[in-house]
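Visitor: I am new to this structure and would like to learn how to read it. Could you take me through some of its features in turn?

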Amino acid sequence: MKRTKDISILASHLRAGGLVAFPTETVYGLGADARDDNAVAAIYAAKGRPQFNPLIVHVDRFETAQKYGVFSETATRLANHFWPGPLTLVLPRVENCPISLLASAGLDSLAIRVPAHPLAQELLMQYGGPLVAPSANPSGQISPTKASHVVAGLGDKVDYVLDGGDCAVGVESTIVSCLGDVPVILRHGGLVRGDIEQVLGFEIFDGADAPSAPSAPGQLTSHYAPSATMRLNATSLQDGEALLGFGDIGPLQPKISLNLSPKGDLQQAAANLFAMMTRLDEMLDEGDVKKIAVSPIPNHGLGEAINDRLNRAAAPRSRREGSDQKSSGQDK
Ligand code: TXA
Ligand code: MG
């Protein structure tokens, strides 16, 4: 990984679908174009996340954020007061939202923030597009607050880090969900609760400390799951099944099918996963086939996250609702 202060190099690397680490006022982020499924899949691969934990979209200003998320009155008030700054808002995705579904981990919501760090601002401006940026550390490790931490953690998995010295805040952004009637704190972070309450004029519900509270995304909004039933590890086709394939599907001749990665590449499969589940469901809506068989996916590398998500999507509805990611709102 190269340390650099040359933002134009980073912007062109991002344009080519690459990953760059950059400083924000909270912690260093690992950035990629938020509209590019492949680039987002590369982030999960670099971090080695066992699950597709949804990512935060970073934009240059409030007006840009409005292109991607639906702002309630409360969300607008919080954005006006605290952006740019260490506050992330979870909002409904706008209709036909161009942000990668993989970035939302298949949820119909979106986490978004405007970082205050001048170099992050400069990068977003020069790049001219939305960046997803989880903390720039391998999954399960501590979030980096210096460029040297990023180099030590991610090494040759990432080409560039924009060196901005130490992060002033040093802990991640505070995450507030604005999906329901009342705002809920999903993760405590750099913006303290009292400051938020002062602006709102009322106490804010704390979903981060209450395990039974609606902090998991699946309880706040529905995880994307196809309306068709799904059968995993399918090596043959039953009557009336569509196929979500992976790799060479051999002699199978499905009437309706999509292939996550004909060449059997897990990163490509991850990039396609949510978009193809959505597309297959739409294709099935038009016909009478209501079952999807899914090819076996090797359970290593990104395959673990893909299989985790497929298992959730294939679970009976009651189990599915009770078994959504409980981890949201926590650093991963
Ligand atoms: O300060 C920060 O927020 C840093 C810097 C780089 O901006 N980023 C960061 O990202 O901490 P990350 O990926 O480490 O944490 C993202 C958190 C996760 O806990 C995730 O579950 C939550 O945001 N999140 C993202 N989208 C969500 C959604 N739609 N609903 C609920 N939680 C969401
Ligand atoms: Mg993190």
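This is a predicted model: local features need pLDDT of at least 70, side-chain atom pairs count only at pLDDT 80 or more; totals for chains, interfaces and linings use all residues.

Visitor: Which residue follows H6?

Guide: Gly155 does, and its phi is positive, near 40°.

Visitor: Which residues of H1 are buried?

Guide: They are Ile7, Leu10, Ala11, His13 and Leu14. Seen down the axis of H1, these buried residues fall within an arc of 160°, so they too line one face of their helix. Among the elements covering them are E1, E2, E3 and E8, along with helix H5 and strand E7 (131-132).

Visitor: How should I read the packing of two helices?

Guide: Two packed helices are described by the angle between their axes and the distance between the axes. Here, H1 (residues 7-15) packs with H5 (residues 118-127) at an angle of about 50°, and their axes are 9 Å apart. H1 and H5 are therefore oblique to each other. Their crossing is right-handed.

Visitor: Which residues make the contact between H1 and H5?

Guide: From H1 come Ile7, Ser8, Leu10, Ala11, Leu14 and Arg15. From H5 come Leu119, Glu122, Leu123, Gln126 and Tyr127. Of the H1 residues, Ile7, Leu10, Ala11 and Leu14 were also listed as buried.

Visitor: How many disulfides are in the structure?

Guide: A disulfide is a covalent bond between the sulfur atoms of two cysteines. A search of the whole structure finds zero of them. As for individual cysteines, Cys167 counts as buried because its relative accessibility is 10%, and Cys178 counts as buried at 7%.

Visitor: Where is Pro84 placed, and what kind of peptide bond joins Trp83 and Pro84?

Guide: Pro84 lies in the loop between helix H4 (73-82) and strand E5 (87-92). The bond between Trp83 and Pro84 is a cis peptide bond, with omega about -5°.

Visitor: Which residue has a positive phi of about 55° although it is not a glycine?

Guide: That is Asn96, found in the loop between E5 and strand E6 (109-113). Asn233 is another non-glycine with a positive phi, of about 50°. The loop that holds Asn233 runs between strand E12 (229-231) and strand E13 (241-245).

Visitor: Is Asn96 buried or exposed?

Guide: Asn96 is exposed, because its relative accessible area is 72% and the cut-off for exposed is over 50%. Asn233, at 54% relative accessibility, also counts as exposed.

Visitor: How many helices and strands does the protein have?

Guide: There are 11 helices and 15 strands. Of the 332 residues in the protein, 56% are buried. Among contacts with a separation of 6 or more, 66% are between residues 24 or more positions apart.

Terms used:
Residues are numbered from 1 along each chain as its sequence is written. Chains are lettered from A and ligands numbered from 1 in the order in which they are written. Side-chain values use heavy atoms; hydrogens and water are left out. Helices (H or I, at least four residues) and strands (E, at least two) are DSSP runs, numbered from the N terminus. A disulfide is a pair of cysteine sulfur atoms within 2.5 Å. Buried means under 20% relative accessible area, exposed over 50%, partly exposed in between (1.4 Å probe, protein chains only). Axes are lines fitted to C-alpha atoms, for helices over the stretch in contact, and angles run from 0 to 180 degrees between N-to-C directions. Angles under 35 degrees count as roughly parallel, over 145 as roughly antiparallel, 65 to 115 as roughly perpendicular and the rest as oblique. A crossing is left-handed if the near helix is turned anticlockwise from the far one by less than a right angle, and right-handed if clockwise. Contact means heavy atoms within 4.5 Å. The arc is that of the directions from the helix axis to the C-beta atoms.
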